[in-house]
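Please keep the sequence and the model at hand while reading.

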Amino acid sequence: MTERIFNYFDHVGLPSPTVPRAEVQRLLSERFQLSAEVDSLGSQQDQNFLLRHPASGEPFAVLKIANPVFSESEMRMQAMVADRIAEREPDLRVPRVLTGERGPLADWWDTSQGRLYVRVIEHLEGRALTGSRYLAPSVVARLGDLSARVSRALHGLTHPAAARVHQWDLQHAERVIDTLAPLEPDDDIRRLITDAAHRAVEALDHVVGRLPRQLGHFDITDDNVMALPGPRALPDAVIDFGDATESWAVGELAVTISSVLHHEGQSPLSTVDAVRAFHRIRPLSQEEVDAIWPLVVLRGAVLVLSGRQQVRLDAANDYAGDALDREYRIFEEAMSVPSAVMAGVFRSALDMDVGAAPAWAGPGLLPHGGTVVELDARVTSPLNDDGRWLSPDAVREAAEAALDSGADVVVLPFGDVVATGAPRLAASAPATVPTHATIWLAAVRRFAVPDGGAVEQQGGGARVALGDVMLSFSAARVAGDSVELPSGTAIRLQLTRTGIAEVPLFTPPGYAPGWLTIAGDPAPALGLPAARGARGGRDLLQRRENVLAEVQEHYYARPPQIERGWREHLVGVDGRVYLDMVNNVTSVGHAHPRITAAATRQFHLLNTNSRFHYAAITEYGEKIAATLPEELDTVFFVNSGSEAIDLSLRLAMAATGRRDVVAMREAYHGWTYASDAVSTSIADNPNALQTRPEWVHTVDAANSYRGIHRGEAASRYAPEAAAVIRWLMETGEPPAAFISETYYGNAGGVALPPGYLREVYAAVRESGGLAIADEVQVGFGRLGTWFWGFEQQGVVPDIVAVAKSVGNGQPIGVVVTRRAVADRYRTQGYFFSSTGGSPVSAVIGSTVLDIIQTERLQHNARVVGEHLKQRLEKLGETYPIVGRVHGDGLYLGLEFVRDRETLEPATEETAAICDRLLELGVIMQPTGDHQNVLKIKPPLCVARESVDYFVDAVERVLRTGW
């Protein structure tokens, strides 16, 4: 007699078995001769238990009690599927039925709830992605990868039980919804789901006959994959074969990506990484690509209806109850974007033909001739407001100016990024791609509706239909079969297919490939030139990597293309605004109008090398000297911090006639020969300590948090460093100089122990050497309370080197010392830097100093920095990963550790946190030899509201995952 396989429509209600735990433990011993501790696990329709070794408590297996409606043949098919995947994909971990003394541990048990089929399968180490915490793009991509590999492994496999009919098989989704919807008591939910399902089925009907079928897992979801322990571990195991069946092959992917949608911060666009990963391993046809999103919608609809019905049926099933919110989120996200749009998005991502956009088939509606001016409202547009930010008023004024200058039509084109308005931070990409064009007319224009067309008034606008397209005007007057367009006002034109839902006027760039297959360029309908389309290349990063040296790195693996800035904000070419919390190079803010004006004026006058006699270099030198102690009165100008450090070392060597230098370990000073020689940061050079030249001697990093001396014991760093200097003197190698940052920057803004520089400077001077202060990062007011870092230590160095912030992005480096030291450089010849202190550089540097003073940016660094530090320290009360907040003013470091006692650095976690912050609109990078400290050094003009956004973003990441 043939065994009857499961048909869901014969068993719509499926309460899971509830065999008592004690009974399970007894039967396990009697039937399988296994002694184990038994813990209940969640399941929607079966009953699962985790088995632990009685002595150690370590898990070793999972016991699965099948719902009595499932046949033994189906259970054996599941085992066959697991075996096939393990054979074809050996690097995938797959749980298989364990074997005991009498064979496989799978059999029928007579229980208090009747005869039930029981299996004991391997327990796989690791954790699932259960819950709604954030999934990194790499994890989402791995889900697609796993789904594809399973699909590939099972291709061609058959089994009689594969004809089973269950509710999760998407080929039966329409019938499942029709069955469950009448049972749903909430009218609004029932109506919402049935409407969405109807649209999905309509979209699917176009391709369903061409979708390949095969046996599959069809439940490779966040709950059914496992990752080994580790901060950035990717899933490498697939579990739970209970939904194995034969169905549309692309359903494997649809089920997988639907499980992404309920996670923190995810959207339909997030699934693109999984689709790409799937396609790389198991190529998709265009029909399958078009089927993905309708299937995702149907999956979401079935999840909601089934989950709610299961809870009504089995109120004690916490597993089903806990999933309700997640399932509804999946459905909400799935129906938030039309299937046709997602098809275009996926096709574009896979380099497939996205299909033709609607096009106007009739004649141009406006007479030909006249002058047409196209406006540019992209991020890099020259239409700006006082050099600051593109505004809607600037666009309008530009259009009016063009009309006044004789243009007949002014066009803001369709399909290209439009970035207008004040900078606005948001956790997701803004809608900046117009699905319409905007025109301004010099005179009132009229046109007749083409033959076969129809027109109707729509409020203050009009719609003209012709064939299968609709042309909408935001401002127009209909008179019979004629349409009149006004002059001097913005008219939005949108061309769409007839009979479709409303198309938004703007879309985020990620969705543009989809929406721009539904909305076409309306300009040709008026007889105007077609839009050129989005300008700029997708391959710009590849071009950069092809032409630049590999070691000339860029931030992030997938960096945004940044082309504009304003104050503490940066803007990508897609119009996304980012908060720049790392850029101490641009100290007074991006695109400062006073710097722009000063540089522009000086370029109009003169820019040449510093051997010529001009006022700017003298005036700038006097301004810098005025900020320093009186004895530091002589200035050198170079182009960078590396050059400033290099020159400082050469000055010390020339002044003392010596070559040996003492430097602090774990510090970075530059990339020139001399500045690199005294740099010992292994983050910048893993071989730094082993490759120092013999004339460089190092002392311990004076880090009171994680150095060899911590807390109060940090007072030992200074006498130990002084002892090294005295030992060099005694051995006949007296140092020319001691060099260090005055505030320990490479470690993330750690203050040197009190009195450290006072004692070490005294020792080096006793030996006849000089004290060099590296102020490249901390100088110029960043510490808030002090203009110079050495002021915090109550000392005066012999040589000060500063760069970065002094030019606000212009290459300027400065060295200041005493006249007697400077004069000794003549022993090594003359000094000359072609563009160091050039007229433009000097004017910019002088303007930066003026801005710091007149705009009270040092005060802002102190006040806003104190507020920022307090908020960051508050995070440590909730999140153990927060080890310490270092620094003063706007020179801070947030150090992450895995253990507050051992201080094990959370290196991988910090990198992942920075990547997640970028997604939330914050530019942040790690620092320190362990790369476990957030380098918090924003422009000095950063507002309190901006640092609050930053801390809120960090808190969100720590709370929801990275």
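What follows concerns a predicted model, described as a whole and then at one site. The chain has 962 residues, of which 56% are buried, and it contains 26 helices and 39 strands. Within it, aspartate 222 is buried yet has no salt bridge.

**Overall build**
- Taken along the principal axes, the box filled by the C-alpha atoms of the chain is roughly 105 × 90 × 40 Å.
- Of the contacts in the chain between residues at least 6 apart in sequence, 74% join residues that are at least 24 apart.

**Surface and charge**
- The chain exposes about 39600 Å², and carbon and sulfur atoms supply 49% of this area.

**The site around aspartate 222**
- Aspartate 222 lies in the loop that runs between strand 8 (213–216) and strand 9 (225–226).
- For the buried aspartate 222, the nearest side chain of opposite charge is that of arginine 326, at 5.7 Å; a salt bridge is absent, because such a bridge requires a side-chain nitrogen of Lys or Arg within 4 Å of a carboxyl oxygen of Asp or Glu.
- The side chain of aspartate 222 does, however, form a polar contact of 2.6 Å with the side chain of histidine 262.
- Leaving aside residues up to four places away in sequence, aspartate 222 touches Ala128, Leu129, Thr130 and Gly131, together with Ser259, His262 and His263.

Conventions. Residues are numbered from 1 along each chain as its sequence is written. This is a predicted model: local features need pLDDT of at least 70, side-chain atom pairs count only at pLDDT 80 or more; totals for chains, interfaces and linings use all residues. Side-chain values use heavy atoms; hydrogens and water are left out. Helices (H or I, at least four residues) and strands (E, at least two) are DSSP runs, numbered from the N terminus. Buried means under 20% relative accessible area, exposed over 50%, partly exposed in between (1.4 Å probe, protein chains only). Contact means heavy atoms within 4.5 Å. Accessible areas come from the Shrake-Rupley method with a 1.4 Å probe; for residues, only the protein chains shown count as cover. Lys and Arg count as positive and Asp and Glu as negative; His and the chain ends are not counted. A polar contact is a pair of N or O atoms within 3.5 Å; within protein, one must be able to donate a hydrogen and the other to accept it, and residues adjacent in sequence count only if both atoms are side-chain atoms.
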